[in-house]
Structure formats: structure tokens, C-alpha cells
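Below are some notes on the model, as numbered points. Please read them with the structure open.

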Amino acid sequence: MATINFGYTISKPRAIDMDRNNLRKSDEILREMPELQACIGCGSCTAVCTAGNLTSFNFRRVHTLIRRGEYQGAYEEMNKCMLCGKCRLVCPRGINTRGVAMLIKRKLGDNRS
Amino acid sequence: MNKRVIVIGGGAAGMQAALRLKESGVEPTIVEREAETGGKLRDWYVLFPSFTPAADVLGELRRRVAERHIEVMTSTGVKSFTSREVTLDDGRRLACDAVVLATGFTLFDASLKEEYGYGLYDNVFTSADIERMLSRGRVAKADGSRPRRIALLHCVGSRDEKVCQQHCSRVCCITGVKQAMELKKLFPEADVFNFYMDIRMFGPGYEEMYREAQQKYNIHFVRGRISEASPTIDGRVQIKAEDTLTGRPLRMSVDMLVLLVGMRANDDNAALAEGAGLRRAPSGFIAPRNLFLGNVESDAAGIFLAGTVSAPKNIGETLNEATAAADAAVEYLKRS
Amino acid sequence: MMATMKRKSWSEYQKQIADDRYYYARSCIRQNFFPGSEKAFIDILRGDLGRDLLDDPKHSSCTGIGYHSDIVPLETIMTVVARQFAMMTEAGYENFVSSCITSFGVYTEVLATWHEFPETEERTREYLFKATGREFRKPASLAHTSDVMFHFREEIARKARHRLVNVQTGEPLRVVEHIGCHYAKIFPKSGIGGCEFPYVLAGMVESWGGECVDYPERRHCCGFGFRNYLVQANRGYSIANSHKKLESMAPYKPDFIVANCPGCAMFLDKWQYAIAEMEGTTYGENGRGIPVLTYEEMAGLVLGYDPWALGMQMHQVDVEPLLDKMGIEYDPAAKYLGRNGKYIGKPASAVVNACPPDAIYDIRE
């Protein structure tokens, strides 16, 4: 079929579509580390993050997106983590954030191969 | 003391106030609009944070009221009152020496939030509906099937200028957590999402319960208010919200949407307050004389406030306050 | 499972709609895209319903498109609105009827602003007087033309020659109604049925035998958005909104869409063409688009007007499948004959009408 070029294309929706997203990886991550669900979004981890103060890395946002089934680019983002562990010291919910970073990398890394 | 106190309202607050009055040697009369005592507790299944059956609390209160031979007038509405006289809907007048006002609250009518389609779409429920379904032992979608995905929406009819309810109803957050856990227990295979603006865990054990819901029950909490609900072709409900913690719009279809309805002031508060010389807070609830040193007293001498007539409260607070209101009434009678 | 609309609250949103003697304010763009609609409104009001309506050549654009594109300032549009009211006052009318949702929104907004901030009305009166020497009275009633059509829906139903029913199956036609953002989303009380469950078009559809479908993106904007559309580079998200609606309504297999607003009717019709040419996707039956009607066209068909006299040959999506369902007789050969039988030209074939495109071309060339 010949298509006409109108000089624009149909914009793709920005919404997180939970009907389309596949939550399998997200469920696996939460099954291994259920404590991640206890995050209350306070942002302490991001506030002290060594990488996050120098790059756009936002640990809280990335793992929240993963929990919604948005994996695109998450592995690359998680690779910015220097594993310094400051976030784990400040987390008021006692989440093993370093462990979460490692787990996400492992799970989404597997996904890529 | 040969004094008579009329307790208007026979819910948890009214019954507890009457019991305390009787204990102190004052003759209470409960005037209840409905055909039986119990108020809103009658429709509740179990109470947060301990999952205590509401019927246990209510049954015990009723048992004590009966055992102590407290006079209860049911199916009796109150038109107006002062500290010395209560006028009933049928025109009868009851003389008294003081009044405890324990008329409680009204559940917010969820259909006023038209965008959620309550009463129009089959699988939109209120928290009160869920309690009734739990009591009956049968929670299901409108077609009788098991839900695979459930969303609970906090703050329906609370913190919302659009429906003239600017106050926080306080107990809906913990109700949302409690019902999410109950639903997850019933439907372990279902995904349960709570959509909230703020999570306000004000009571003892509430924060712990919230954490348990997250970590142990794997309930998802999304910070964002659902902006609208629409029906889908297969009888589900599509909802839209912002996942504010990721900064992106979010949408999904759910099998059940549960609206956690707030507590609002009774419609007759205005007329009753005017007749008795009471003051109302901007929220429409009856204002206590002083928020610190007179929080069960009203602006009128001889009229005392117990329970949610003055603000949203949980059952524990309500019962404590009823005791305090009764004690204040007894003190007042001793002085007068 | 078919989801038909259940509405409970619409009757709580009512407004006064005048019964006769209307001052008619036209739309800027409708005459290009749906050229028979405004004439049909006048003919139906005067001819079928015997009402008095003044079609005043002296009134102007309300400048709403400029206003919503950040070109026309508030003071200017208020003065233009004041001039429209002055024209009405001078003609001896007091019931203002606007043929455009954008204009209706503008008039409602200006009247509400004057009500809340009386000093703005005073200033506007001053500007108008200085500029034109004119004075005005505010309308006794302000309505959109669809409100008037809604008001007379039962009278129209009694005179109906055709109903919104599939003559082959006897089933009601399934209709998607789209009311347009500025009808009730700015002032919900000024629209019949409010903004969540508007009833203005649904009332007509139901009175004339059809049924409305409630689909997930029913309340969503068509994507016009004024400045979003006017800049070519931004059209991607204008079309994305119509795309979202069409994707959402398609499973309900609607027989047609009826739109309240000039912009919505245009975009829901023409974006179907653009989507089909870009991606090959169509949303109606047999690989075709879903016909898009204005409420005047819908009323006209019900009252037995000739579809070509209603200007329906100007639609991007062909309406013939709908005419056939309703059992309306029409002359296919007369489709492109304009007034006095003069040939008006014929559009190239299009994917949206189940035809392969005639040529490969780049519109930018």
C-alpha cells in the first residue's frame, strides 16, 4: 500500500498501559525481594545517590517503572549504579536497595540475552 | 441523681455514652432514628487494624445496653432540641436535663462523583458495598465471576473541593488497606492496586498494617488519583490516573473498582445546630466548644458531643469520646 | 456484551432554551467542511418547525479560534462578543443561538466573566461604544444550536420520515456521540446533561430510534486543540487523540458518529482519511471509515431531506452505507452535482472509502 507523507506521524501515547505491559519480570523481581513493594517513594535513596547526583539516574523512579512493567532502558539505567550502598543506609523502610539494583540487573540482563 | 439525659443517636457513640451515664447514676434515654441500634457499625464486616468482627463490638454494646435496662426509643427521629427538651418528628416533646448529641455522619454518595460512574457501571463499588458483600460472604463481579484485577481509590468525597468536602475523612486510607488485604485473601491470584493521594496511617498499628499489605500481600500502591472510569466492551472498567512517582499517565482495565467513600456531615446538622445554638465547622460537622480543653462540649451549656457528629473518627476514638462526653454531662448535672 | 449508555444524572443538568425568535450566529469553518448543515438548521427551524430565526449578515466571527490560539487577547474577544450582542439587540432579538461549540464556549465564558467581574463588562461596553458607537443588552437566553435541536427533538420525531434504525434488521443504529470539550467541560451546568454524561446529542439519538454506545474514551478530546493543530509539526498529537478515540470505539461497531462541534466533526471525519492513508487502518465496516455526521445532518436525514442537499458529499468518509441502512433513497449520480446541477468535482479515491489511492504523492511537494 502506498502511504502518503503528510509531514507528521501519529504520536505514540506516553501513558503506562497496564493492559499491554507484561508484568512477568516485575512479578519475578517482587517475588524474590517482596520488600521492594514497601517503598513509600520518599526519595531518600535518590537524594544520597552518588550516581544520581552526577547523572540523570533515579533509582526510585527506575524501580517504580519496573514494577509497572516498563523495562525499556531500565537495565542501562541500573548500570549507572556504583553500588556504594548509601541508599541502603538511609532507606526508612529498610529495603536492601543494593540487592534490588543487583536483582534488577540480573533479571533484565537475562531478558536481553 | 434523679436526672435524665437524652442521647440522640444509637450508634457506637450513643450506646457507649448511655452506658457511661447509667454507670454514673444518671438515667439515659437513647433516641434512635432507625428501627434498631448500631448505626453504621451494622454494615461493617471487620474492623481495622485487628480484623475484629464489627458484630463482636456491636453485639457487646447491645448486650450491655439491654443488661442495664437502658431505655431505647427506636424508629424515632429528632426534629429539634435544646438542653432541656427534645422535640421528636411526630411532635412529641421529651423533657430532659442534658443532651448528648451522637448522630454520627453520612456516607458520601459516590454517584456525585459522576466521572467514576457509580450506579451506572456494573463493576464500580463503594467501600460500604464491599463490607456488605464481605458480611454476606460473597464478593464477586456483577456477573458472579472472580476478579483478576482490582483497584481501590482513596479520597472519594474527601479532600475534594468539587463536591464541597474539603476535610480528610481519616479512616478511608486504613479501610482501603484493610479491604485490599481482605480481597487479596479471597482472590490470591488477583492483582490489587490502591490509588492514593497521601497515605494517612494515623492510628496504632495502622502503619504496620500498611507495610504488611505492601510486603506480605504484594498490594500495589500507586500515588495518583483516578481521574475517570469508563466501561469497556467486556464489562470491565477502564481507569486513568497519573503514576506521579514516575511522572507518567497510567491506565488499565480492572474487574472491580472500589471507591473508598468518605464521611460527610449529616444534612440535618444545620437545622439541629440552629435550633440548639450550636456552631458548625466549615466542614459542616458540629464544632466543639474548644478543640483542646472542651472537645466533647458544644457552644451550648448542657449539650455534649460524642463520636463522628463533630468530625470523622474511628471506633476506638468514638468510644473514648462517648465516655468523655458522658462524664462531662455528669459533671454538668452535678453543678446545675 | 453490548454496552449501551445508562444515564441517570442528565436531568439534573437542565437549562432554559427559548421556544422561538432566535438570533443566529454562524460558525467560521462549518460552511467549508459541512456546508449544508447551517442551511439545514435554518430550513428545519423555519420550514419544519415554523419558528422565527434571524440569519443576520452583519454579525462576525467570534474570533474564538484566534483566542484559543493565543492571537486574540481577552479584551478584544469580549468586545467582539459585545458587538454580536449589539447586533442582536438592534435587530430586536434576545435569544442568542450559536452554531459553534467554540463560540458557545466563548459566549458562556464571557458572560460568566462579566457576571463575576462586573468591571470587565463596564470596560467592554466602553470599548464597544468608542469603537462603533453601539450599545447592547445581554441575551435573555444563550443556547448552542444543538440545544435548540434537542429542545424540539420530540416534535422532529413526530415528523420523522426515517428513523435511526437499520431497516434490514430492525435494530436501532449504534451511535457514537461526541459533544466537544467547550460545550460543557468549561461550564458543566451550561450543557444539557453536564460534562460526564452529556445528553444533548444522546437525547436526539434516543428520540429518533438509535442507541448510544459508551466506550472507554468517550469523554476524550478529538484532538483539535487549536494551536496544536494549526502548527503542522504539532499535528502528530492532534491526530493521536482522534486515533485513540477511534481505536477505542471500533470494537463497538458504531454505525455512525454524530458530533456537536465544528472542529470535532471535521477532525473525526478527516483524520480517518489521514490515518487510513498513513497506516492503512480503517475503523468501520468492510474496510471503510465510520461516517461522521453533524446533528443537523442527522436531523435532516430523519426529516427526509436529500442527503446531497444536506451537503453530505463533502464528507471525507462516504455516507452511502449509512443511507442504505436507514433506507434512504438517493441518486448516486447526483452526488457531485451542486446547486443547479453544476458538476462540483470529485475527490480522488481514498483508502478510508475502501479504494486504493490513485497516486503516490507527498503533500509537502
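1. Rings of Phe, Tyr and Trp (its six-membered ring) count as a pair if their centres lie within 6.5 Å; planes under 30 degrees apart are stacked, over 60 edge-to-face, and the rest tilted. By that rule, the whole structure holds 26 aromatic pairs over all chains.

2. The model is predicted: local features need pLDDT of at least 70, side-chain atom pairs count only at pLDDT 80 or more, and totals for chains, interfaces and linings use all residues. Residues are numbered from 1 along each chain as its sequence is written, chains are lettered from A and ligands numbered from 1 in the order in which they are written, and side-chain values use heavy atoms, with hydrogens and water left out.

3. C:Phe224 and C:Tyr229 pair edge-to-face, at 6.1 Å centre to centre and with 75° between the planes. C:Phe224 has a relative accessible area of 9%, which makes this residue buried (under 20%; exposed is over 50%, partly exposed in between; 1.4 Å probe, protein chains only).

4. One aromatic cluster takes in A:Phe6 and A:Tyr8 together with C:Phe224, C:Phe226, C:Tyr229, C:Phe267, C:Trp271 and C:Tyr273.

5. C:Arg235 lies over the face of C:Tyr229, 4.6 Å from the ring centre. Likewise, the charged end of C:Arg153 sits over the ring of C:Phe150, at 3.9 Å from its centre. The criterion is NZ of Lys or CZ of Arg within 6 Å of the ring centre and within 35 degrees of the ring normal.
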